[in-house]
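Have the viewer open, try each task, and then compare your steps with the worked solution.

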Amino acid sequence: MIEIIFYILSAITLGSAFMTVISKNPIHSALWLVVSFFSIAGHYALFNSQFLAMVHIIVYSGAIMILMLFTIMLMNLNISQEISKPFVTKIVAVVCFCLIGLALVTSLVQNAPVIEAYTSTGKDFQSIQVLGKILLNEFVVPFEMAAVLLLMAMIGAVLISKKDKTTA
Amino acid sequence: MEHVLQIIGIDHYIYLSLLLFCIGVFGILYRRNAIVMFMSIEIMLNAANLLLVAFSNYHEDANGQVFVFFTMAVAAAEVAIGLAILVAIYRNIGTIDIDNLKNLKG
Amino acid sequence: MDTNLFTIALLLPLVGFLINCFFGKSLGKTMVGILSTSTVGIAFALIVTQFLAVINDASPTKDVWFDWIQILNYSIDFGFYYDQLSILWLLFVTGIGTLIHLYSTSYMHEDKDFHKFFAYLNLFVFFMMVLVTGSNLLMMFIGWEGVGLCSYLLIGFWYQNQDYNDAAKKAFIMNRIGDLGFLIGIFSLLHIFGTIDFTDIRSLLEYENLGTSIGILSIATLGLFIGATGKSAQLPLFTWLPDAMAGPTPVSALIHAATMVTAGIFLITRMNFIFDLTPNVQYLIAVVGAITSIVAASIALVQNDIKKVLAFSTVSQLGLMFMALGLGAYEVAVFHVITHAFFKACLFLGSGSVIHAIGGEQDMRHMGGLKNTMKTTYITFLISSLAISGIPPLSGFFSKDEILLTAFHHNPVLWIIGSVASILTAFYMFRLVFLTFFNNFRGTKEQEDHLHESPASMTLPLVILALLATIGGLISIPGSSWLNKYLAPVIVNNAQSQTHTLGTTEYILMGIAVIGALIGIGVAFVKYIKNKHVPVNDNNIPGLQKLLVEKYYIDDIYQFLIVQPINFLGSFFKRNIETLIGGLISGMGLLAGEVSYQAKKSQNGNIGLYLFVFVIGVCAIMYYLFIAN
């Protein structure tokens, strides 16, 4: 049963990622990406890391993709403005895809990490209480840093996309 | 209920995230639209996140998930800034076709 | 002997040089003249005191200042060696030097570089003193090079004229060629004996039987002889001496008559114990000397410049001295050096007086009849000419006669050559006297009005030198020679000097020599006074005479064989090799520019390309890290 869920989720993830890349219309790409994110959240849920799944949906599908969709609509992009790349570049892209896949798989096979069977000790390491404790005890400094980073990003975004008062 | 890792085994997750990463690379080199390139970058980030969570579960260590947490925060910040820059470029050039961004030509 | 006095005498001219160098311009001409003359004069006085000491049987002293070069097991020190030979040379170098300094104060009086002239003269005297008092061959070489340098500076003293500069260069370069031989000689001797100190080599030869081969010793002596050839103007390195007459006359008198050109003879006399071991090289020396003397004498027959005649006469007399050296008669050569210094310096200074009076004219065809207006010059010139022709009882007769006697006892052919050269000497010297001082004046009217006898500071040296030329023969009368006894400690093999008991052969030979000289004078008298012959212009000269006038075309041969190939080589290198190397260097710069231009094309600003390169790079890194181990 879980196997079937896993394979379906994987299929959705890969398929929608592929469609994101292939679609001519940017809005279609964005929507496919949302689907892909949902499926990845499903993977997280399968792992029993509920908090991360929720946060994933909220942040990625709920914020980042909305941002991208807004930007696409702001720039009025649609399929008629899409110019396809020359054929050589497409071939090159396919080649690179294969190449990096090969490199990754080969390095994995070559090094052949010893993967033992999973033994569950039943320890609770990823419930929200535990995560909260860890975040605010060991990783409090990166936590605060992340907060500062987000603040800077916000300010930066506002600054960069400000219209010049002179050029109206 | 048995853990998913006992049923499926971690190598499947490794292959899944590998494939997702390669799709992301393919996307960057294949498309010329800057927004879609951003999306491909997000796909790659997600692949890494997925693998991190898988291994975090495998070793029963929460550090992996904390790392994912921070990665997501950085990804969000990056997207915000990147899109702001794109908007600024769009205002100057009128298109976001990256082949027109050649001012660094040496 | 007090070496401190020697040191003071040595350093005085150097001090004079330095003062003239730095303060000469501001001191004024009188002061410079007095200062320079007195430095050399005081040095002369000090040397005289030491000379008196050494006559009274003081022993030679070596004064080592410091250990100079220590390599492997060779040790050469920086020191001076004062013995009979060096003191003798010092005497006449400083003595004649003082007289010439005195002469120059008046001769160079109008020259604006007065102080520079005296600086160079003092420097020359200093280096000559170092040359004769050096305790080893390397010290002598310092002086050798130094006098060569001063000769160059003084010949080209009037540097505005390019011909004079060329003459100076010629002198220096020919000297340098001889120096190569000298250095080879020094190195060979160092290799054979392990030392180049004079006393050490001499004691090594006397007290130890080194068993050295004649072959390598011959190389050493040959090298030393080549060095002497360059410095003392023998064949084939003699052509610089006539051209060196471009310098002022006091320079010609001091350097090219009395002192520098005798350095070669000094060298061979100093190393007489080595030369005695290589009879082949000695024979070569004698032959070269004889040939040189007759070649130079024949060229002097047709020269019209008064100084050139005297220059060739110097070469010829030096040839006679080398002939004596080659026959092993070292004291005879030294005797002739001394007498020659006296009368040749007097002749040169006399000619300088004549040139000064006529206002710079040096061609004898425009002189004449000067014996009435320049009495002192005429009388001293006549005395010196008689001396050089070998008329008894003047000094030249005694010294030349000794040489001819020695030649006769060894090799009659050499005697014949020497006698012919002497007869020719008599002829051309009196040709010079008759053309310059007799008949009527052949110059321009304004020159004739200007004729006057020279001032006392110029005639006094002339008188002193003529006096010495007259009585100088007394130091070595055949039979009881003071000079031979004096030099006995220096010369190892005295066999040559003690054979001249005066028998019938000797008297006959002396008679032949005197009669030959009188015949030469007579022919000159007939040609130039009776027939009032004046040498023709340069354009129409018959065949054999033309050969002599062009100095046997030796200069032209050198130009063709040596100078032109070197010039060609130089210009060839400049045109080809230099452009090649220059092109190579600038080519590297161009290469760098071209490479960077091509490399620049990879930065085309295309983001797609950059991303592609990223991916390839990541693959490569992964490959390197994880797969290829």
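**Exercise 1.** Is the crossing of H17(C) and H22(C) left-handed or right-handed?

*Solution.* The crossing of H17(C) and H22(C) is right-handed; a crossing is left-handed if the near helix is turned anticlockwise from the far one by less than a right angle, and right-handed if clockwise. Before moving on, note that this is a predicted model, where local features need pLDDT of at least 70, side-chain atom pairs count only at pLDDT 80 or more, and totals for chains, interfaces and linings use all residues. Residues are numbered from 1 along each chain as its sequence is written, while chains are lettered from A and ligands numbered from 1 in the order in which they are written.

Step 1: locate the helices, which are DSSP runs (H or I, at least four residues) numbered from the N terminus. H17 spans residues 395-410 of chain C and H22 spans residues 504-530 of chain C.

Step 2: take the geometry. The two pack at an angle of about 125°, with axes 10 Å apart; axes are lines fitted to C-alpha atoms over the stretch in contact, and angles run from 0 to 180 degrees between N-to-C directions. H17(C) and H22(C) are therefore oblique to each other (under 35 degrees is roughly parallel, over 145 roughly antiparallel, 65 to 115 roughly perpendicular, and the rest oblique).

Step 3: list the contact (C-beta atoms, placed from the backbone, within 7 Å). H17(C) brings C:Asp401, C:Leu404, C:Leu405 and C:Phe408, and H22(C) brings C:Glu506, C:Leu509, C:Met510 and C:Ala513.

Step 4: sort by class. This contact has 6 nonpolar, no polar and 2 charged residues (Ala, Val, Leu, Ile, Met, Phe, Trp, Tyr, Cys and Pro count as nonpolar, Asp, Glu, Lys and Arg as charged, and the others, Gly among them, as polar).

**Exercise 2.** Describe how H15(C) passes H16(C).

*Solution.* Step 1: H15 (residues 330-358) and H16 (residues 375-389) of chain C pack at about 145°, their axes 9 Å apart.

Step 1: the crossing of H15(C) with H16(C) is left-handed.

Step 2: the contact includes C:Phe343 and C:Gly350 of H15(C) and C:Phe381 and C:Ser384 of H16(C). By class, the contact has 7 nonpolar, 5 polar and no charged residues.

**Exercise 3.** How many residues does the contact take from chain B and from chain C?

*Solution.* Step 1: chain B gives 11 residues and chain C gives 10 residues.

Step 1: the side of chain B that touches chain C divides into 6 nonpolar, 2 polar and 3 charged residues.

Note on methods:
Two residues are in contact if their C-beta atoms, placed from the backbone, lie within 7 Å.
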